[in-house]
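Dear colleague,

I am handing over the structure below, together with an account of what was found in it. Please read the account with the model open beside you.

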Amino acid sequence: MFILNINYIKPLKEIEQHLQEHREFLDYYYDAGKFLMSGPKEPRSGGIILCNAKDQKEAFDIISRDPFFAKKVAEYELIEFFPVKTSDELNQYKK
């Protein structure tokens with residue numbers, strides 16, 4: 001499991017130009033069962049995605065498809081963790 005920590009490196013005006021494409025990227029990976037949760041940070045300096053990738057390679061492959069990353073308006077920090085305790089609704093993701 002990975003936390004994808006997105007940090008904007010361009011002004012919000014430029015980020016917003018790519019927001020629709022980014023949302024389509026999110027929808028694709030939600031439909032594929034890879035994203036479990038996502039949203040903007042407060043203050044709005046980026047966002048967080050909880051990603052159910054099998055390994056770092058898959059996580060990096062997913063990140064590379066984000067228009068924010070491809071258009072160099074945001075950087076990603078990849079944080080791997082092993083869920084050992086979850087709510088009942090998320091039990092399928094325990095390691």
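Helices here are DSSP runs of H or I with at least four residues, and they are numbered from the N terminus. Glu58 lies in helix 3 by that naming, and the model in which it sits is a predicted one.

Strand 2 and strand 3 are paired in the antiparallel sense over 5 bridges, and together they form a hairpin with 5 residues between them. One detail of the pairing is that Pro40 has Gly47, in strand 3, as its bridge partner.

Which residues of helix 3 are buried? In this helix, which spans residues 56-64, the buried residues are Glu58, Ala59, Ile62 and Ile63. They cover an arc of only 140 degrees around the axis, which puts them on the same side of helix 3. The buried residues of helix 3 pack against strand 1, helix 2 (19-31), strand 2 (35-40), strand 3 (46-51), helix 4 and strand 4 (74-80). Phe60 is also found in helix 3, but this residue is partly exposed, with a relative accessible area of 45%. Between Phe60 and Ile6 there are 54 residues of separation in sequence and 13 Å in space, taken from C-alpha to C-alpha.

Glu58 deserves a separate word. Its relative accessible area is 17%, and the cut-off for buried is under 20%, so Glu58 counts as buried. The side chains of Glu58 and Lys34 are joined by a polar contact of 3.0 Å. When neighbours within four places in sequence are left aside, Glu58 is in contact with Lys34 and Ala53.

A second residue to look at is His22, which lies in helix 2. His22 counts as buried, at 7% relative accessibility, and a polar contact of 2.8 Å joins its side chain to that of Asp66. Beyond its neighbours within four places in sequence, the contacts of His22 are Ile6, Asp66, Pro67, Phe68 and Tyr76.

In one of them, the rings of Tyr8 and Phe68 have centres 5.9 Å apart and planes at 85 degrees, so the pair is edge-to-face. Tyr8 lies in strand 1 (residues 2-8) and Phe68 in helix 4 (residues 67-70), so this pair ties together parts that are 60 residues apart in sequence. Both Tyr8 and Phe68 are buried. Tyr29 and Phe35 form another aromatic pair, which is tilted, with 5.4 Å from centre to centre and 40 degrees between the planes. Tyr29 is buried with a relative accessible area of 9%, and Phe35 is buried with a relative accessible area of 3%. These two residues also belong to one aromatic cluster, which is formed by Phe25, Tyr28, Tyr29, Tyr30 and Phe35.

With kind regards

Technical notes:
Residues numbered from 1 in each chain as written. Predicted model: local features only at pLDDT ≥ 70, side-chain atom pairs only at ≥ 80, totals over all residues. Heavy atoms only, no water. Phe/Tyr/Trp six-rings, centres within 6.5 Å; stacked < 30°, edge-to-face > 60°. Helix = DSSP H or I, 4+ residues; strand = E, 2+ residues; numbered from the N terminus. Buried < 20%, exposed > 50% of the residue type's maximum accessible area, 1.4 Å probe, protein only. Arc of directions from axis to C-beta. Contact = heavy atoms within 4.5 Å. Pairing = 2+ DSSP bridges. Polar contact = N/O pair within 3.5 Å; in protein donor to acceptor, adjacent residues only side chain to side chain.
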